Amino acid sequence: MARNSIAIDGARFWSTIEASAEIGKGPRGGLARLTLSPADGEVRDLFAGWCTDAGYALNVDKLGNMFARRRGTHDNLPPVVIGSHLDTQAAGGRFDGIVGVLAGLEILRALDDQGIETRRPIEVVNWTNEEGGRFPPPMLCSGVFAGLYELDWALGRTDEDGTTVADALNAIGYAGDAPVGGREFDSYFEIHIEQGPALYEAGIKLGLVTGTYFARGMRIEVEGVNAHSGPTPMDRRRNAIVGAASVALEVDRIGLKYADREAKSTVARLEAWPNKPGIISDRATLFVDFRSPEKDLTETMEAEIRHALVDCAQRSRTDVAVGDAWSFNTPVFDAGLQDLIREAAAGQGVELMELRSQAGHDAYNIAKIAPSVLIFTPCDEGISHNEAENTSLEDQLPGIQVLAEAVVARANR
């Protein structure tokens with residue numbers, strides 16, 4: 001039986017999920033809410049309104065990261081922070097990241113409802129550009145907060161239209177004044193739908209992330225020569241699309257080579273220019289990621305991909321090079337916070353599965369500067385980054401309840 005606990009208002013939480021789902025709707029019922037788009041600005045305004053209406057101080061930093069703060073009785077102490085993101089992929093779901101931010105808001109509201117004070121302040125953060133779908137790399141702004149990237153570098157990142165992060169922040173009114181990072185978190189908690197089928201298939205409502213995959217990402221540039229598709233002899237062609245296609249096939253081949261060791265490699269995006277009929281394109285860009293549960297294997301895959309680029313360039317008579325490269329290193333999540341989650345789950349009678357995370361999350365970055373923990377809740381069939389992504393209030397409430405108990409225990413220690 002569950003012990004007496006913080007009363008989460010499931011209907012109120014779900015109403016915030018439904019309100020979010022009305023902003024930036026995709027054509028198939030999901031969301032198309034790329035970071036710093038007008039739709040992202042609209043959902044930020046909605047979240048900000050909820051926070052300020054509840055009396056929480058709202059702080060926005062120079063990258064648009066939003067922090068809503070509920071005061072503690074010892075308010076000078078570093079805050080306990082709950083976080084995730086409100087942006088989505090171009091064809092994303094209604095829950096990825098969004099559950100984490102709005103669950104945090106519901107926990108603060110529930111504490112208010114019951115007049116529960118905490119020793120330390122509790123903050124809820126909406127991180128900018130977790131997805132990286134518009135401005136690579138993913139988890140960009142939590143990365144700056146954690147000191148992994150420079151602020152000016154992040155502000156200068158561009159989308160496919162040449163718009164910078166700085167321009168996009170200004171366009172939606174979320175270029176805040178606060179410094180990015182440089183302050184202490186007591187601890188960081190993140191709740192997220194699993195984005196995989198393990199919890200769903202097992203019928204278990206809560207996952208505790210005890211490890212992650214070693215991941216790498218690259219932007220690969222291919223340069224050829226623009227020419228007419230008719231008279232240009234085949235042996236004189238330097239078609240950037242052909243070079244990019246060769247790279248894509250090699251990336252896929254390397255992932256399949258190590259698939260029995262749970263490795264994966266993906267060409268997530270391919271752009272070409274001019275990309276018109278009757279013309280040989282002279283430029284192409286690919287965005288690639290690859291990951292595995294073993295550090296050495298991920299490094300092997302990276303070495304093989306880089307070596308394959310040389311062969312791709314020779315075969316296609318193009319120049320192929322890695323532009324940007326980034327990594328999502330496996331963090332060490334805090335053992336004490338993991339035990340706190342286990343204790344809260346046991347106290348609530350919630351069965352828990354320990355598992356690895358295969359996707360990237362802002363918790364990866366924050367784990368480098370503060371004790372952090374990541375927990376998962378189920379999503380139907382494990383479908384994510386897809387407009388068909390789905391879950392239910394019934395599947396989310398146990399995880400939110402456990403999160404609330406653990407956060408309050410940490411904030412009162």
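A crossing of two helices is called right-handed if the near helix is turned clockwise from the far one by less than a right angle, and left-handed if anticlockwise. Keep that in mind for the first stop of this tour through a predicted model.

**Stop 1: two helices.** Select helix H1 (residues 10-20) and helix H3 (residues 98-113), which pack at an angle of about 145 degrees with their axes 9 Å apart. Their crossing is right-handed. Now show the side chains at the contact: H1 brings Arg 12, Phe 13, Thr 16, Ile 17 and Ser 20. From H3, look for residues including Ile 98, Val 99, Leu 102 and Glu 106. Colour the contact by residue class and you will find seven nonpolar, two polar and four charged residues.

**Stop 2: the sheet.** Next, bring up the open sheet of four strands, in the order E9-E11-E7-E12, with antiparallel pairing. Strand E9 (264-273) and strand E12 (319-328) each have a single partner strand, so one side of each is left without a neighbour in the sheet. From one strand to the next, the twist averages 15 degrees.

**Stop 3: a pair of strands.** Zoom in on strand E7 (residues 214-223) and strand E11 (residues 283-292), an antiparallel pair joined over ten bridges. Pick Met 218, and opposite this residue you will see Val 288 in E11.

Methods. Residues are numbered from 1 along each chain as its sequence is written. This is a predicted model: local features need pLDDT of at least 70, side-chain atom pairs count only at pLDDT 80 or more; totals for chains, interfaces and linings use all residues. Side-chain values use heavy atoms; hydrogens and water are left out. Two strands pair if DSSP finds at least two bridges between them. Axes are lines fitted to C-alpha atoms, for helices over the stretch in contact, and angles run from 0 to 180 degrees between N-to-C directions. Contact means heavy atoms within 4.5 Å. Ala, Val, Leu, Ile, Met, Phe, Trp, Tyr, Cys and Pro count as nonpolar, Asp, Glu, Lys and Arg as charged, and the others, Gly among them, as polar.
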